[in-house]
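Biologist: Could you take me through this model, chain by chain and then where the chains meet?
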Amino acid sequence: MENYLVAMAVFAGLYGLMALGLNVIWGMTGMINLGLVGFMAVGAYTSALLTVRHAHWPMWAGVIAATIVSGIAGAVVARITARLKGDYLAIVTLGFSEVVRLVASNEIRFTNGTDGISAIPGPFRGEVAPATFNLIYLGIVAAALLVVYLLCQRLRHSPYGRVLRAIRDDDQVTSVAGKPVLRFKTEAFAIGAAITGFAGALYGHYNAYIAPEGFVPLITIYIVLSLTAGGTGTNAGAVVGAALVVAFMEGTRFVVAEIPGLAAVQVAAVREFMIAALLILVLRYRPQGLFPERHARHATPDTTP
Amino acid sequence: MLSHVIEELPQLIVNGLVVGTILALPAIGFTAIYAVLRFPNFTVASHATMGAYAGFVANVWLGLPIVPSLALAFIVPALSGLACDEYVLKPLRRTSAATGPMAAAIAAVALTIALENVIRFVFGNDLRGYDLPVYRDWRFDLGFAFLRVGPQQVENAIISVVVMAGVFTFLAFTRTGKMMRAVADNPSLAGIKGINAETVARLASLIGMGLVGVGGMLLGLDTSIDPLTGFRAVLTVFAAAVVGGLGSIPGAVVGAMVVGIGEELSLLVLDASYRTAVGFIAIIVVLTFRPRGILGERAY
């Protein structure tokens, strides 16, 4: 049970990281990303391929490479669509995640196809008891989350972050104010994608095994739900939201198991349905999330004589 | 190499035309909804699957022939599409002018996963097939190449062409069709002329998702169906709509043909499992060089 809770905490941390990444893209800059799981997969595969399948880089180098590669992928996707309406970005990102899964499934020589990659190294895995490994990894993920959180806070309150939020609220006005909107959008998207890929790499090293069917669109829904439930625009919201989403996901596991007479496939269907429905309900009834972004507004001075 | 290409070419082009003709229906549905409602309704994936299963129930469980089954494959997703837009997506589009359409796009992805799981709950993950008479393929000797055509393929393509002819007649000659085009073209001007945009929006969801459902069943007739049937086709449908020009109905047909034939021709150089990636590459190329697509208006 304790192991289970620690594992869930690790997953909450990973979703928290990805929600922070989405917050840079969607919460701060107002760009849609429906292909988050694609960037997560790019990160997970990059690090796994470099540390076990095609080379034996140390883990830290694999994770850094994963972050850079997914950042570049994000920059390319954003650069192509940044001038166009958000609808195109929605279509391209959704398509991107499908193509990543397709390539991972079919480039058998490169990625081992649908069999996936196993024996991905984890820090001290095999040298310590599994429970200790879990705790060590929780420490690593917590530290990573803290660092990324602080960086995102810095980003948000810096002049750079102010430009991003200005673009979100009105990109024409920002452009008139002399900001290179296209460059800011591309960079913000790349930063968000890099954070997502970083989390994906950490996921691979924790799980020791990755396969294409692990990177389905439902994961994107988890991440969007984490950010939306916590509060779009706020970094703390992204982290708290991720913890709540993991708790909810695991909660449904126990609740649905209590319903008598369901086949395994039906149990899975009910859980996926509940998670998708929860996102729709949150978007509808609590779009600002639990921790709404506060806008600093100054009271209009009373000028009546 | 060259003689090999010449031998393969007629067959690939014929296959591409058949695939493109079938693909055109969901692409028209997607693009028509975009033209009127101004957001990408990603529930096309689950509504195509829903059409395939509605047709399956009519064909296998109720024992109906293919054409009446197609009617059910139109009606069920049409009503579901209308209900989804009315009760789930429309309220979200209204929350704010700036982020509303994007919130609706996100919700549509969640909704499509929800609907897919409803289908999975009822039918399970097993592959299912339609009850079809088995025909022998027609073979033609072209002198330099052999051509094989399945009667079922031809029947599917003819059904698709008939449905498309119906759609174009409706849009070109009926009062309601003209209203729909007016709203797609210029919503505020249409409003001044007294056209009720709400009614037109409902019609767009109804007819659009109905077409997507018919397309889903036609895709299923070719192979077998499972809860991911629609999701696997969705990238190709987006590609058809974007290549043709998002929001343009003739564009969706042209785009479907281009993508359908392109997918088949890619078999000359690529592995068959990469067929759907061709659609994505087409999207990227079009958005880089001509974002408004072949027949679209503007993309920014």
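Predicted model: local features only at pLDDT ≥ 70, side-chain atom pairs only at ≥ 80, totals over all residues.

Biologist: Which elements make up chain A, from the N terminus on?
Modeller: Chain A has zero strands, and its count of helices is twelve. Read from the N terminus, the elements are therefore α-α-α-α-α-α-α-α-α-α-α-α.

Biologist: What is the radius of gyration of chain A, and how does this value sit beside the globule rule?
Modeller: For 305 residues the rule gives 19 Å, and chain A comes close to that, so this chain is as compact as a globular protein of that length. Along the principal axes, its C-alpha atoms fill a box of roughly 75 × 45 × 35 Å. The radius of gyration of chain A is 20 Å.

Biologist: And in chain B, how many helices and strands are there?
Modeller: The order from the N terminus is α-α-α-α-β-β-α-α-α-α-α-α-α. In chain B, 54% of the 300 residues are buried. The tally for chain B is eleven helices and two strands.

Biologist: In the hairpin of E1(B) and E2(B), which residue takes a positive phi?
Modeller: E1 (residues 138-141) and E2 (residues 146-149) of chain B run antiparallel and are joined by four bridges. Four residues lie between the strands, and the one with a positive phi, near 95°, is Gly143(B).

Biologist: Where does H1(A) bend?
Modeller: Helix H1 (residues 2-28) of chain A reaches 37 Å from its first C-alpha to its last, close to the 39 Å expected for its 27 residues. Most of the helix is covered, with 19 of its 27 residues buried. Just after H1(A), Gly30(A) has a positive phi of about 75°. The bend in H1(A), about 40°, is at Leu22(A).

Biologist: Is Gly192(A) buried or exposed?
Modeller: Gly192(A) sits in helix H9 (residues 181-207) of chain A. Beyond its neighbours within four places in sequence, its contacts are Gly21(A), Leu22(A), Val24(A), Ile25(A), Asn33(A) and Gly74(A). A residue counts as buried with 20 or more other C-beta atoms within 10 Å. Gly192(A) has 30 of them within that distance, so Gly192(A) is buried.

Biologist: How far apart in space are Gly192(A) and Ala75(A), C-alpha to C-alpha?
Modeller: In sequence, 117 residues separate Gly192(A) from Ala75(A). In space, their C-alpha atoms are apart by 9.7 Å.

Biologist: Which elements are included in what covers the buried residues of H11(B)?
Modeller: Helix H11 (residues 275-289) of chain B should span 21 Å with its 15 residues, and its end C-alpha atoms are 22 Å apart, which agrees. Its buried residues include Ala277(B), Phe280(B), Ile284(B) and Leu287(B). Their cover draws on both chains, including helix H9 (229-244) and helix H10 (249-265) of chain B, together with H3 and H4 of chain A.

Biologist: On the side of chain A that touches chain B, how many residues are nonpolar, polar and charged?
Modeller: In total, 37 residues of chain A are in contact with 41 residues of chain B. On chain A, the elements giving two or more residues to this side are helix H3 (59-81), helix H4 (86-106), helix H10 (217-230) and helix H12 (264-285). The residues on that side of chain A divide into 25 nonpolar, six polar and six charged.

Definitions and conventions. Residues numbered from 1 in each chain as written. Chains lettered and ligands numbered in written order. Contact = placed C-beta atoms within 7 Å. Nonpolar A, V, L, I, M, F, W, Y, C, P; charged D, E, K, R; others polar. Buried ≥ 20, exposed ≤ 12 C-beta atoms within 10 Å, placed from the backbone. Expected span 1.5 Å × (residues − 1). Bend = angle between axes of the 7 residues up to and from the residue. Pairing = 2+ DSSP bridges. Rg over C-alpha atoms; globule rule 2.2 N^0.38 Å.
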